[in-house]
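Student: I've got a new model open and a few minutes to go through it. Can you walk me through the fold?

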Amino acid sequence: MPIIQVLKDYDVQKLKADIISGSTVGIVLIPQGMAYAVIAGLPPIYGLYAGLVPLFIYPLLGTSRHISIGPVAIDMLILAAGLGFLAGDNITEKVTLAVMIAFLTGIFQLAMGFMKLGFVFNLFSRPVISGFTIAAPIIIIASQIGTLVKIDVPNSQFVHEMLFQVGEQIGNLHYPTLVLSVFFILFLVLMRRYYSKLPESVILVTLTILIVSFISISQWGIEQVGNIPRGLPEMGLSSLNLETLKQLAPNALTLALIQFMTVASLSKSFARKHGYTVNPNRELLAIGSSNLVGSFFQSLPISSSFTRSAIAEQAGCKTSIHNYFAGILILFTLLFLTPLFEVLPKPLLAAIIVVSVSSLIDIKEIRFLIQTKPRDAIVASITFVSVLAIGIQEGIIIGLVISVLALLLKMSNPTVAELGLIPGTRDFKNKNRFSEAKSIPGVLILRVDAPFSFVNAEFFKNYILNKSMNGTDAPRYVIIDGTTIGDMDVSAMDSLLMIIETLNKEGIELYISGLIGPVRDVLRKSDISTFVKSNRFFNTVHDGVKAALKIQDDKDGTARLQDYLDICA
């Protein structure tokens, strides 16, 4: 267990830092946890339950020192989508299913961890993540409009449905609630802008409790949180039939993957910044165990929070033990302080949600993708639109499919560069990018910037043959710089054999340079093994060019090899 190594190196300075940072995170987690439970359409107390037991489990197995565990807005949105479909407006049924989804999520993550499937994280390309994380806050904000203006808007994962409901009931706006909501949002935004180091949500909650304790806001028709149970969550897990578990599985699997995506990316980010390493498979086991054990104590699905992790880092946390002190604060709150939060206005929780998730709408990311890689911007945009219009899980799947298709499209039509010699060196560069690069008479040098596979085998064959067989200017030798060919499958070998046979008929010889060992091994075992044994493979392009020019000199009585060597000198 990583916690053993942490404790071996633990000292008083680290303890002090973890107490301060953990307590700071715990103070922020109290209002955030309650608000995030509301996103899923559940009572606020379950947000606090989610911030209890999992915080004591993660440090035992997790390898990240900085991430803070607990309920996360995007997870609650995915959970809400699943619960709305299966449980409708039945709160008791929602709670039962939500806890069971946390259980199944933990099972999936543990299975992935034991099978060392940490590489699954690579399936989620940056454009897919960007498209989803920009769309999700918009859905969350739309889901809170009803609470902010006190109109009945059914919880949905479709923005257009919620906005339609708001439009139909626009005449029923409750103006005292609206005014209070605007005040709460302005307070949080201004605090975040001018006093960013202070926990704005904690300050607002504290001030509101003090004011509402003396002024009754119910006389103006403003709704309050109401009864919040005091004490610890009951231990146990409801039994569900197999059919219900099958219905919950897709939602749980989506959560398992999204949570791992969040934990892996966030933990790697902090590790890179602070100079230590994290193990993706360990993180899967840690977050899976936290979800699994937490579900026995009424916890909702939990993950790593970007906001609270950043707070922990800024507060100087040294190890994952800071989660313990945040958990202790939640424990104290559950035992003694829950009655204080019963008077909170519901618009306050909605305002905290809106301001918290609005920072996730990263327009700069889309601008960056457009400027650097338009294809990736298209993938992000399709994911964004799909999540908003079709559904969360469906949108993520569409994004993944489009991302893979875009990769296959790129692989099927890759860059093939014609190389020339840089005078005074033995280096060969792309002639389109280096004006000083010079062609070698009678020799065509090509570099393939992709693995050679069934996806692009036909493209390579046609390209090389078209370049090589161009009438009077046809080269006598074609050299393929294979340093960028990391793999070669059977289809690619068939195409290579056809290239060799076609060029031989035209009196053109094919050389290959710089292939890595595994690719050479594949060729030796293939149908073109005769070609491999005929001294047409070279370590470098330079060696291939020398061999080709020497043969030309021997046949024609020229001195092209010496001329080439003079240019290299």
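Tutor: Let's start with a term. The radius of gyration here is taken over C-alpha atoms, and the globule rule is 2.2 Å times the number of residues to the power 0.38. For a compact globule of 569 residues that rule gives a value near 25 Å, but this protein has 31 Å. Keep in mind that the model is predicted.

Student: What box do the C-alpha atoms fill?

Tutor: Roughly 105 × 60 × 55 Å, taken along the principal axes.

Student: How many helices and strands?

Tutor: The protein has 25 helices and 8 strands.

Student: How do the strands line up in the sheet?

Tutor: Six of them make an open sheet, ordered S4-S3-S5-S6-S7-S8, with mixed pairing. S4 (428-430) and S8 are the edge strands, each pairing on one side only.

Student: What about S7 and S8?

Tutor: Also parallel, over 2 bridges; S8 is residues 537-538. There, Ser513 stands opposite Phe538.

Student: New topic: packing. What share of residues is buried?

Tutor: Of the 569 residues, 51% count as buried. The accessible surface is about 26,100 Å², and 61% of that belongs to carbon and sulfur atoms.

Student: Which residues touch the most other members of the largest nonpolar core?

Tutor: That core has 104 residues. Leu42, Leu79, Phe132, Ile139, Leu300, Phe341 and Ile392 touch the most other members.

Student: What does Phe132 touch?

Tutor: Setting aside residues up to four places away in sequence, Phe132 touches Ile74, Ile78, Pro137, Ile258, Thr383, Val387, Ile392 and Ile396. Another core lies apart from the largest one. That other core has 26 residues, including Val448, Ile464, Ile485 and Ala492.

Student: How far apart in sequence are the contacting residues?

Tutor: Take contacts between residues at least 6 apart in sequence. Of these, 80% join residues at least 24 apart.

Student: Now Ser295. Is that one buried or exposed?

Tutor: Buried, with a relative accessible area of 0%. Ser295 lies in helix H13 (residues 280-295). Leaving out neighbours within four places in sequence, Ser295 is in contact with Val99, Ala102, Phe103, Gly236 and Leu237.

Student: Why does Gln298 count as buried?

Tutor: Because its relative accessible area is 18%, and buried means under 20%.

Methods
Residues are numbered from 1 along each chain as its sequence is written. This is a predicted model: local features need pLDDT of at least 70, side-chain atom pairs count only at pLDDT 80 or more; totals for chains, interfaces and linings use all residues. Side-chain values use heavy atoms; hydrogens and water are left out. Two strands pair if DSSP finds at least two bridges between them. Helices (H or I, at least four residues) and strands (E, at least two) are DSSP runs, numbered from the N terminus. Buried means under 20% relative accessible area, exposed over 50%, partly exposed in between (1.4 Å probe, protein chains only). Contact means heavy atoms within 4.5 Å. Accessible areas come from the Shrake-Rupley method with a 1.4 Å probe; for residues, only the protein chains shown count as cover. A nonpolar core is a set of buried Ala, Val, Leu, Ile, Met, Phe, Trp, Tyr and Cys residues joined through side-chain atoms within 4.5 Å.
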